[in-house]
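Hi,

Here's the structure I said I'd pass on. Have a look, and my notes follow below.

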Amino acid sequence: MLNFDRDRFVRIQGGAVAIAGEARLLMRTLLAEGVERLFFMGTGGVQLLTLPAIELAKRYSTFPVGAEYPAQVVLDPPAGLDNKAVVVIPSLSGTTKEGVELMAFLKKRGVRTISLTGHSDTPIAQEADHNFTNFAEDDTSSESFYLQTLLIVLALLAERGEYDGFDAAVAELKLLPGLLADAKAAFEDKAAELAATIKDETYHIFTGAGSVWPEANYYGMCILEEMQWIRTRPVHAADFFHGTLELVEPGVSVFVFKGEDALRPLADRVENFAKRYTDRVRTLDAASVKLPGISQQVRGMISPVLLATLLERLSAHLEVLRNHPLTTRRYYKRVEY
């Protein structure tokens, strides 16, 4: 496999799943202390990676769980951002400027904080009331953050008596790192073929619904736009027929992401429409990934994890074929803004 270290990958994703027990105890403590609200506040793409867990919480519980942009919060904080709230701040570097400013802002308001970082010796890790550090880098961080935020929400639901499958789900998720590595290997040839097909294309529409919509948005914005300088149009499948459909014509690339949850029919509808008007419909389906030992219920929770792990293989081939390393930037952390 191109530029892939299986042992490293399995170790990192195993580290993400390993927070399960500690997350459960932490949620138990916070609820006992009277926490009434949970916010996820990440900057940039990492915030998108928290959205599937938030959506899951909203399906199971009336406990307020939401997302806010750190840069916006420090200017105009939402109601309820007080000592009854806990804020989860994911930051791979642990040094994200907006995250550091947010942490200081929250401490002044007495808000409890949990950070998810890739390094423990960083401001966001050290200033949080509780930190989960799991070393990762760009090519492994998506799965790691998806899994950590999922486990935090499942722990919350379990402690509130709204989800009784926590231990069983964790047991299955412990199998996932190796299975994800297998999925990458199985997708390698298709990834190489797809990369060769799209390497010179300059525009893509990305769409999906349910838990995979954030991954469609993330891959378009954070990988192709930021890391490859390719223009994209991410649009939720529910909104596709309220504007974006008029851009579909022969030669237009449409990526359809399909998950294994109740909102899959929204992606099916887009796929069926787009195939009538363009020959460049690219469908990535979480259901195509073989995961022996993983129940359908858990599969429904990890669709974005599966697509992220396949798409990393596409990215690995694209950067080589386009002679454009994923680390190359013009502006990001290069100039003042």
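Trp-229 sits in the loop between α11 (213–228) and β7 (231–236); helices (H or I, at least four residues) and strands (E, at least two) are DSSP runs, numbered from the N terminus. Trp-229 isn't a glycine, yet its phi is positive, about 60°. At 34% relative accessibility it counts as partly exposed (buried is under 20% relative accessible area, exposed over 50%, partly exposed in between; 1.4 Å probe, protein chains only).

Before you read on: this is a predicted model, so local features need pLDDT of at least 70 and side-chain atom pairs count only at pLDDT 80 or more, while totals for chains, interfaces and linings use all residues. Residues are numbered from 1 along each chain as its sequence is written, and side-chain values use heavy atoms, with hydrogens and water left out.

Lys-333, in the segment after α14, also has a positive phi without being a glycine, near 55°. Lys-333 is exposed, at 55% relative accessible area.

What about Ile-152, buried or exposed? It's in helix α8 (residues 138–159), and with 1% relative accessibility it counts as buried. Beyond its neighbours within four places in sequence, Ile-152 is in contact (heavy atoms within 4.5 Å) with Ile-19, Ala-23, Met-27, Phe-40, Val-88 and Leu-116. Ile-152 and Thr-43 are 109 residues apart in sequence and 19 Å apart in space, C-alpha to C-alpha.

Cheers
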